Amino acid sequence: MKDPEYLFHKIAQDNTVVQYFKNHSMRVMFLASSLAKRCSCYDENLRVAALLHDIGKMGISKQILFKPEKLNDLEYVILQTHPHTGNLIVRKQLGMPKAAEFIRDHHERWDGHGYPRGLKEEEISIQGRVIAVCDAFDTMTMDNREYNPELMDYTDAYNELKRNAWTQFDGSLVEKFIGMMGDIRIPDFLHGN
């Protein structure tokens with residue numbers, strides 16, 4: 001098996017898109033690993049999937065990824081390909097089909113309106129659901145991208161997660177995540193874009 005960190009850092013050094021997402025990916029790995037341990041679903045596949053959840057974005061143009069205004073329909077369809085692309089990269093380069101599945105699932109929604117497959121509820125791997133909550137929280141609070149210039153404080157982000165519980169997110173994971181955040185602290189070295 002090839003090393004996931006090597007793959008991540010190799011691409012991050014050679015690709016400005018993945019470099020841009022590096023700290024976000026590391027924070028999502030930290031948060032998802034912590035939450036998965038509380039849900040008894042932590043393993044190496046979860047850790048790798050959380051780290052590499054956005055690796056499929058390396059094939060999407062910077063004009064789409066960093067567009068400051070709302071994406072048009074075609075651009076949004078293109079963006080929706082990144083979980084499938086990430087699934088293929090991890091499956092073929094690392095030989096980790098379970099991690100690939102969790103990457104594929106991280107934009108599925110509890111109500112079935114996610115992508116790429118429109119799975120709902122327990123059809124979505126719990127690991128994919130864990131990554132989804134952690135990814136959303138980090139994007140709201142720490143990941144200052146062009147389309148997200150106003151970061152939320154933790155309280156507002158918790159309220160947003162609660163508003164979307166049982167539609168976008170597994171509500172029981174939202175509850176566990178918010179409870180967990182009172183017990184952990186994101187390491188200082190992971191702060192940054």
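Hi everyone, let me start with one residue. Leaving aside neighbours within four places in sequence, I184 is in contact with F30, L31 and S34, where contact means heavy atoms within 4.5 Å. I184 sits in the segment after α10. Is I184 buried or exposed, or something in between? With a relative accessibility of 22%, I184 counts as partly exposed. On that scale, buried means under 20% relative accessible area, exposed means over 50%, and partly exposed is in between, using a 1.4 Å probe and protein chains only. I184 can also be placed against Q19: they are 165 residues apart in sequence, and their C-alpha atoms are 26 Å apart in space.

A quick word on what we are looking at. This is a predicted model, where local features need pLDDT of at least 70 and side-chain atom pairs count only at pLDDT 80 or more, while totals for chains, interfaces and linings use all residues. Residues are numbered from 1 along each chain as its sequence is written, and side-chain values use heavy atoms, with hydrogens and water left out.

Now the whole chain. How many helices and strands does the chain have? The chain has 10 helices and 0 strands, so its pattern along the sequence reads α-α-α-α-α-α-α-α-α-α, with helices (H or I, at least four residues) and strands (E, at least two) being DSSP runs numbered from the N terminus. For 193 residues, a compact globule would have a radius of gyration near 16 Å, and the chain agrees with that at 15 Å. That radius is taken over C-alpha atoms, and the globule rule is 2.2 Å times the number of residues to the power 0.38. Along the principal axes, the C-alpha atoms fill a box of roughly 40 × 40 × 35 Å.

Of the 193 residues, 53% count as buried. If we take contacts between residues at least 6 apart in sequence, 63% of them join residues at least 24 apart. The accessible surface comes to about 9,300 Å², and 51% of that belongs to carbon and sulfur atoms. These areas come from the Shrake-Rupley method with a 1.4 Å probe; for residues, only the protein chains shown count as cover.

Which residues of helix α10 are buried? They are G171, L173, V174, F177, I178, M180 and M181. The cover over the buried residues of α10 includes α2 (16–38), α8 (126–141) and α9 (154–163).

F177 brings us to the aromatic rings, because F137, Y154, Y158 and F177 form one aromatic cluster. Rings of Phe, Tyr and Trp (its six-membered ring) pair if their centres lie within 6.5 Å; planes under 30 degrees apart count as stacked, over 60 as edge-to-face and the rest as tilted. By this rule there are 7 aromatic pairs. One of them joins F137 and Y154 edge-to-face, at 5.0 Å centre to centre and 70° between the planes. F137 lies in helix α8 and Y154 in helix α9, so this pair ties together parts 17 residues apart in sequence. F137 is buried, with a relative accessible area of 0%, whereas Y154 is partly exposed at 32%. F137 also pairs with Y158: the ring centres are 5.7 Å apart and the planes at 15°, so this pair is stacked. Here too distant parts of the chain are linked, with F137 in helix α8 and Y158 in helix α9, 21 residues apart. Both F137 and Y158 are buried.

Staying in helix α8, we also find D138. D138 is buried, with a relative accessible area of 0%. What does D138 touch, not counting residues up to four places away in sequence? The answer is H24, R27, V28 and D143.

Helix α8 turns up again around helix α7, residues 97–105. The buried residues of α7 are A99, A100, F102, I103, R104 and D105, and their cover includes α3 (44–51), α6 (82–94) and α8.

E44 counts as partly exposed, at 35% relative accessibility. Leaving aside neighbours within four places in sequence, E44 is in contact with P4 and M96. The C-alpha atoms of E44 and S33 are separated by 9.3 Å, and the two residues are 11 apart along the chain.
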